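Thank you all for coming.

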Amino acid sequence: MSKRKLERLLNLTLCLMATSRYLTVREVAELVDGYEPGNTADSEIAFRRMFERDKEELRELGVPLETGTPRTYDEEIGYRIPRRDYALPDLHLDADEVAALGLAARLWSSASLATASAGALRKLRAAGIDLQAGPAGLEPRVDVTEPAFDPCLAAVREGRAVRFRYRRPGVAAAMEREVEPWGVVSWRGRWYLVGFDRGREGTRVFRLGRVEGTVTAFGPAGAVSRPEGIDLTAVVESAEPRDLPEQQARLRLRPGTGWALRRAYPPQGPAGDGGTRDTDDEIVVSFRDVERLADQLVGLGADVEVLGPDEVRAVVRRRLQAALAAHEPNAGAGPAGTGPAGAGPAGTGLAGTGPTE
């Protein structure tokens, strides 16, 4: 829908809601910006056709458009929108409901959603709802770190198909996917795209953290719609494996760091010369989801090096390279077998080998 048409429909809705009597088509033309009936027969016909299309579109949108005669002696049909059937009633919320809304509106860290939530807060205040400030030190956030989040969400809203490269677990190379997106879902701290995969000809779930490169929307707006009655969260839950096999990863920590990991997984290995352990800073951690482990390891930055397995090393290196590219667009990867900018074997940048901490 074009901006001009949207403004015209909004003006028409406001005009017909503001009147207490039925307005004729000619009165609508004089009062509503966007209509230009003109003085010729052709322009009059074009105006009336436009009005008929707008009238039907309002009804399709659920606007209760009434027809009647403006005055008892008039034969021409008039139009109005009864406020009692369309205007929202006064909003009354309990204190706990107000607190929940205020907390939810401050939740998003994504720029696009932050703008929408700020607008919602302004509307609540305009309705006379007092949104108290939250407790001191409480700052709710939902971190949306996946670059694919915003373009996928925009494609869902616009009803357009998307194309992207996707790396499946256990597969080294990413593959091109073409998807009709139905929705973006958060489940167990992860973001997923649910939609119809045109290449696989079926419903598929994509973890946004595994999308590589740029997400490209294509096709006309409104061409993709979500099927009726589908529960996107249930689709994601059924698609994700419940019992992943337990694996182990070997890490080397910078001396004096990584105490949470050290407490959970004490260092292992025989004592060396001098009564000390050669491997005091090497630990073995258990994990089931490599992406979750990578979240924790990347957060340690240069304080950790992944010694194995290769799958964990590759995921950590990929994330660090993406972070480096985001902050230094001209920076390239280091030599073969290293992480970004000459980091250590895991791409985590141990002291003396990686980027500035």
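What you see is a predicted model, in which local features need pLDDT of at least 70 and side-chain atom pairs count only at pLDDT 80 or more, while totals for chains, interfaces and linings use all residues. Residues are numbered from 1 along each chain as its sequence is written, and side-chain values use heavy atoms, with hydrogens and water left out.

Helices (H or I, at least four residues) and strands (E, at least two) are DSSP runs, numbered from the N terminus, and two strands pair if DSSP finds at least two bridges between them.

Let me start with an open sheet of three strands, whose order is S1-S3-S2 and whose pairing is antiparallel. Strands S1 (23–24) and S2 (66–68) each have a single partner strand and stand at the edges, so one side of each lacks a neighbour in the sheet. S1 is joined to S3, residues 78–80, by two bridges, and Thr24 stands opposite Gly78 in S3.

Turning to strand S4, residues 161–166, we find five antiparallel bridges to S8, residues 211–218, where Val162 has Ala217 as its bridge partner. S4 also pairs with S5, residues 175–187, in the antiparallel sense over five bridges, and here Tyr166 stands opposite Met175.

Finally, which residues of helix H10 are buried? In H10, residues 290–299, they are Val290, Glu291, Leu293, Ala294 and Leu297, where buried means under 20% relative accessible area with a 1.4 Å probe, protein chains only. They cover an arc of only 155 degrees around the axis, which puts them on the same side of H10, the arc being that of the directions from the helix axis to the C-beta atoms. After H10 comes Gly301, with a positive phi near 60 degrees.

Conventions
Buried < 20%, exposed > 50% of the residue type's maximum accessible area, 1.4 Å probe, protein only.
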